[in-house]
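Subject: Handover of a structure

Dear colleague,

Please find the structure below, together with its sequence. My notes on what was found in it follow.

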Amino acid sequence: MTFADPSALPLGLSLLLSAVVSERLTELWLSRRHARWARSLGGLEFGQRHFPFMVAAHVGLFLGIVTETALLHRHFVPALGGPALCLQALVHAGRWWCVRSLGPHWNTRVIVIPGRPLIRKGPYRWLRHPNYLVVAIEGVTLPLVFNAWITALLFTAANATVLTVRLRTENAALRLAV
């Protein structure tokens, strides 16, 4: 069994990652559509320079899970993977709650439409950036479903670094837009 051999990955991991990647591709499609809408209304984009680093961190999450699982022979450990999988279900529900709450204002970029009020419904009633909490939890729990703890640690560090810049950028953009 070699790393390039798809059978090197547990079937459950392949199915889980396929589902999550499919979800992410759907998000990207929706994000592009929402970004076009926001720009058509005069939306301004901020933070373009940090965006590729954010993308790299998220791609690295998936590559890390696959690599660590295959090379280090990680597997599903029920005591860790079971709760992590349950949290994954909550994470994805939370992500779509954020998307639905923001409606067409949601996208993966920092695009604000000047003069529009902040949205304060759904999870945004309690948290300013709930989607980033969802991403942080996903970055830990998704790798831990199959015991890929090194990837969980590395993604958490990369995500924290990117989010430091992202949150500053987004908060400044939102202050300018309102």
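Rings of Phe, Tyr and Trp, the last by its six-membered ring, are taken to pair if their centres lie within 6.5 Å. On that basis, a search of the whole structure, which is a predicted model, finds two aromatic pairs. In one of them, the ring centres of Trp-97 and Trp-126 are 6.1 Å apart and the planes stand at 55°, so the pair is tilted; edge-to-face would require over 60 degrees. Trp-97 belongs to helix H3, whereas Trp-126 sits in the loop between strand S2 (110-112) and H4, so the pair ties together parts that are 29 residues apart in sequence. Trp-97 is partly exposed, at 40% relative accessibility, while Trp-126 is exposed, at 59%.

Both tryptophans also contribute to a nonpolar surface patch of about 720 Å², together with Leu-87, Leu-90, Leu-127, Leu-133 and Ile-137. Helix H3 (78-102) and helix H4 (130-145) are the elements that give two or more residues to this patch, and H3 provides the largest share, with three residues. Ile-137 is located in helix H4 and is partly exposed, with a relative accessibility of 33%.

A separate point concerns Glu-23, which is in helix H1 (residues 11-40). Glu-23 has a relative accessible area of 13% and is therefore buried, since buried means under 20%. The side chain of Glu-23 forms a polar contact of 2.5 Å with the side chain of Trp-96. Leaving aside residues up to four places away in sequence, Glu-23 touches His-92, Arg-95 and Trp-96.

Kind regards

Conventions:
Residues numbered from 1 in each chain as written. Predicted model: local features only at pLDDT ≥ 70, side-chain atom pairs only at ≥ 80, totals over all residues. Heavy atoms only, no water. Patch = residues over 30% accessible without salt bridge, like charges linked within 9 Å, V, L, I, M, F, W, Y side chains within 5 Å. Areas by Shrake-Rupley, 256 points an atom, 1.4 Å probe, with all protein chains shown as cover. Salt bridge = Lys/Arg side-chain N within 4 Å of Asp/Glu carboxyl O. Helix = DSSP H or I, 4+ residues; strand = E, 2+ residues; numbered from the N terminus. Buried < 20%, exposed > 50% of the residue type's maximum accessible area, 1.4 Å probe, protein only. Polar contact = N/O pair within 3.5 Å; in protein donor to acceptor, adjacent residues only side chain to side chain. Contact = heavy atoms within 4.5 Å. Phe/Tyr/Trp six-rings, centres within 6.5 Å; stacked < 30°, edge-to-face > 60°.
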